[in-house]
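The following note sets out several points for a colleague reading this entry. The numbered paragraphs may be read alongside the sequence and the coordinates.

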Amino acid sequence: MKAAGVVIAIALALALQTSLARLLIGGTAALDLVLVVVVYVALTSGPVTGMLSGSAAGIVQDALSSGTIGIGGLAKAIVGFGAGVIGQQFIVTAAFPRFVMFIVATLVHSALFMGMYMLLGLKEFPSPWAAVLSQAIGNAVVGIVAFAIVESLPGAIERRRFKRSSR
Amino acid sequence: MAVIDIRRRTGYLFLAVVVAHVILISTQVTTRRGVPMLQEAVFGIFSEVQRGANAVTTTVQSSWQNYFALQQVQEENERLKQQISALQIRLQQERNLAQQSESLQKLLELKTATELKTTAASVIAGSASPEFRTITVDKGNGDGVHADMAVISPAGIVGRIIQPSPRASKVQLLIDRNAAAGALVERTRAQGVVVGTGTDELRMDYVSGSADVKAGDSVVTSGIDGIYPKGFVVGQIQSVRRGAGQYSSIVIRPAVDFSALEAVLIVLTPPSAVEAAGRGADQDH
């Protein structure tokens, strides 16, 4: 059940990344919604789930991009694993630690992704700082909002039920 | 003890995943034989998902617009936009012809016009990863689209087809880091290679430091790359820096607004065929 939820969340993130982002921001979005889902899954489900979801989502993302299949997968698997370990070791339930978590995850992901491309001599990334920072902030904001929405849903449903039954 | 076991297994699992990825990457990097099967299959399947998602969003968007706007006015507007697009393409071809005939001291007449066979395509998705500048269009092999066909818009050159599937194709935009096109400065005919930078700017390489090039000059395709037809607008020179080296450092502002692409034209005529037709017409005259 949980695995199905993760698969659906990743598929939704990919569809949003490729379709809705084009309509809202135009062409290329400065967000990586798939990475947001991977970090979310890692923080809520642990390192193994985070790593496997990161690996699968990254490979699909690589296959849909024109890059080398596996580089994005490896970067996201490592980030998913790391985020999951931190989520287990520390209390990452308040908004600020989560915000920092998303920022750090995006920076690490970008470093791994670009680093591997440069190491293999496949691609150059001259002065990527502005793009990476804007993506980190964008991912963090989306991640915090996603956490807030998902965590407020059960309470909202409960309150609605209570109101109905008290009438 | 149990906690240690779980941690150990997690570590092994992590190591296995990393090794699997490294093997996956290594096979692609060393062989470099066409498009990987996984890439082809996933793109083929997901292009249908993208088509579906695009259909849903387009339906919602058009319903919303039709609710608030007058439907007839909107349809007329669309028709007029298409007419303007077609006229702008025609204008670029005519402009190219005029430039050619001027440089050949009016020896060539306007009859040598190269008619390009094109097909219109809608943009159905953006890039799956922010690091790559690609789009997906709704025309594929079934519509006669093949790899390395040029993609143009009324404003100028958009990119090239890199991965066609039966019903959709992936287009590498000219601003992608791995994209390049043969180009020349329209005013002085100085030749060079325009390359993408991954940002909203282009760079023109291999232009001699002594060439007469200045900011504001228009850059068009030269056709020597065998992909893009000759004479289509690439952009305008934003800055020129003459360093100590042999070549100038030239930054170009693209003519196409890549963030607002909705419909494009795919050039079905290979550039070699256009050149051959042009040469045949020359000999007739």
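**Notes on the predicted model**

1. Helix α6(A) bends by about 35° at A:Leu153, with a proline, A:Pro154, following within four residues. Helix α6 of chain A covers residues 129-166, 38 residues in total. From the first C-alpha to the last, α6 of chain A reaches 55 Å, close to the 56 Å expected at 1.5 Å a residue.

2. The buried residues of α6(A) are A:Val132, A:Gln135, A:Ala136, A:Gly138, A:Asn139, A:Ala140, A:Val142, A:Gly143 and A:Phe147. An α-helix has 3.6 residues a turn, so residues three or four places apart point the same way. The cover over the buried residues of α6(A) includes α2 (33-45) and α5 (95-119) of chain A.

3. The largest nonpolar core comprises 53 residues, and A:Val34, A:Val36, A:Val37, A:Val38 and A:Val39 touch the most other members. At least two residues of this core come from each of α1 (2-24), α2, α3 (47-64), α4 (71-89), α5 and α6 of chain A, and likewise from each of α1 and α2 of chain B. The most is given by α2(A), with 11 residues. Neighbours within four places in sequence aside, A:Val38 is in contact with A:Gly50, A:Ser53, A:Gly54, A:Ala57, A:Lys76, A:Val79 and A:Gly80. There is also a second, separate core of 48 residues, which includes B:Ala168, B:Ala179, B:Val194 and B:Val256.

4. Between the chains, 40 residues of chain B are in contact with 40 residues of chain A. On the chain B side, α1 (2-31), α2 (37-68) and β5 (169-173) each supply at least two residues. The residues of that side divide into 22 nonpolar, 14 polar and 4 charged.

5. Strand β1 (residues 118-125) of chain B runs antiparallel to strand β12 (residues 263-267) of chain B, joined by 5 bridges. Within this pairing, B:Ala121 has B:Val264 of β12(B) as its bridge partner. β1(B) also pairs in the antiparallel sense with strand β2 (residues 134-137) of chain B, over 2 bridges; here B:Ala125 stands opposite B:Thr136.

6. Apart from neighbours within four places in sequence, B:Arg253 is in contact with B:Glu201, B:Gly235, B:Gln236 and B:Gln238. The C-alpha atoms of B:Arg253 and B:Leu202 are separated by 6.3 Å, although these residues are 51 residues apart along the chain.

Methods. Residues are numbered from 1 along each chain as its sequence is written. Chains are lettered from A and ligands numbered from 1 in the order in which they are written. This is a predicted model: local features need pLDDT of at least 70, side-chain atom pairs count only at pLDDT 80 or more; totals for chains, interfaces and linings use all residues. Two residues are in contact if their C-beta atoms, placed from the backbone, lie within 7 Å. Ala, Val, Leu, Ile, Met, Phe, Trp, Tyr, Cys and Pro count as nonpolar, Asp, Glu, Lys and Arg as charged, and the others, Gly among them, as polar. The expected span of a helix is 1.5 Å times one less than its number of residues. The bend at a residue is the angle between axes fitted to the seven residues ending there and the seven starting there. A residue is buried if 20 or more other C-beta atoms lie within 10 Å of its own, exposed if 12 or fewer, and partly exposed in between; C-beta atoms are placed from the backbone. Two strands pair if DSSP finds at least two bridges between them. A nonpolar core is a set of buried Ala, Val, Leu, Ile, Met, Phe, Trp, Tyr and Cys residues joined through C-beta atoms within 7 Å.
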